[in-house]
Amino acid sequence: NIKLKEIPRHEILLEKPVIYLYPKEKTDIELKINFEGKLLTTFPKLDKSWKVTAYENGQIFDKKTNRFYNSLFWDGAISFPASHYQYKTGFVVEKEKLATFLIEKLEFMGLNTTETNDFVQYWLPILEKNNTTFIHFLVNEDYNVFSRNNVTPKPDTSIRIFMEFFGVDQPISITPQQLPSTVRNGFTLVEWGGSDVSNMKRINYLK
């Protein structure tokens, strides 16, 4: 007889993933999200895909709503086994240093000023609820654990950054994360999002 052991999975909310598009010239683009979890909210409304016209300055015209947008928004819920949260690298950042830390790391990874400001404006009020915060980034290929983008035409450069974090109430010693730096070339897609994984602390994922 063979007994199968079920691996417990723990759901998190992926907050505020937004997608920016920068073609070299006005371009009709179709973008489909291959998300491994449950999509919750999209704006503009996503059916099977977004069919938009993107401009070199980053403006996005959605043909269905007949409106311009600065980015495409989605969020969702997804479950992972406890092993996903067994971080080996990361950063421990004090409240007073969060803004400087985020600007430095995000721009090093390839975000421009507008994208960095959007990221900080959304996440800083949430992060500052903690006196100290643990942060780990999933960048580029690592982002694929959540979702993959099917884009036509295909971008020449993709910069995708997802931040997982939780409040720290006791000292943590961990190896600093080595982050990649991506240079923009040609048609560029940028995506960022994040998740508060504080509820995963009880799993004892930090060894």
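A salt bridge here is a side-chain nitrogen of Lys or Arg within 4 Å of a carboxyl oxygen of Asp or Glu. The model is predicted, and a search of the whole structure finds 5 salt bridges. Three of them, including the pair Lys64 and Asp47, the pair Glu104 and Lys105 and the pair Glu115 and Arg184, are described below.

| Salt bridge | N to O distance |
|---|---|
| Lys64 and Asp47 | 2.3 Å |
| Glu104 and Lys105 | 3.7 Å |
| Glu115 and Arg184 | 2.4 Å |

The side chains of Lys64 and Asp47 meet at 2.3 Å. Lys64 sits in the loop between strand S5 (60-62) and strand S6 (67-69), and Asp47 in the loop between strand S3 (38-43) and strand S4 (50-54), so this pair ties together parts that are 17 residues apart in sequence. Lys64 counts as exposed, at 59% relative accessibility, whereas Asp47 counts as partly exposed, at 48%.

In the second pair, Glu104 forms a salt bridge with Lys105 at 3.7 Å. Glu104 is partly exposed, with a relative accessible area of 47%. Lys105 has a relative accessible area of 19% and is buried, because buried means under 20%.

Glu115 and Arg184 form a salt bridge whose closest N and O atoms are 2.4 Å apart. This pair links distant parts of the chain: Glu115 belongs to helix H2 (residues 113-127), while Arg184 lies in the loop between strand S12 (175-176) and strand S13 (188-196), 69 residues apart. Glu115 is buried, with a relative accessible area of 0%. Arg184 is partly exposed, at 29% relative accessibility.

Key
Residues are numbered from 1 along each chain as its sequence is written. This is a predicted model: local features need pLDDT of at least 70, side-chain atom pairs count only at pLDDT 80 or more; totals for chains, interfaces and linings use all residues. Side-chain values use heavy atoms; hydrogens and water are left out. Helices (H or I, at least four residues) and strands (E, at least two) are DSSP runs, numbered from the N terminus. Buried means under 20% relative accessible area, exposed over 50%, partly exposed in between (1.4 Å probe, protein chains only).
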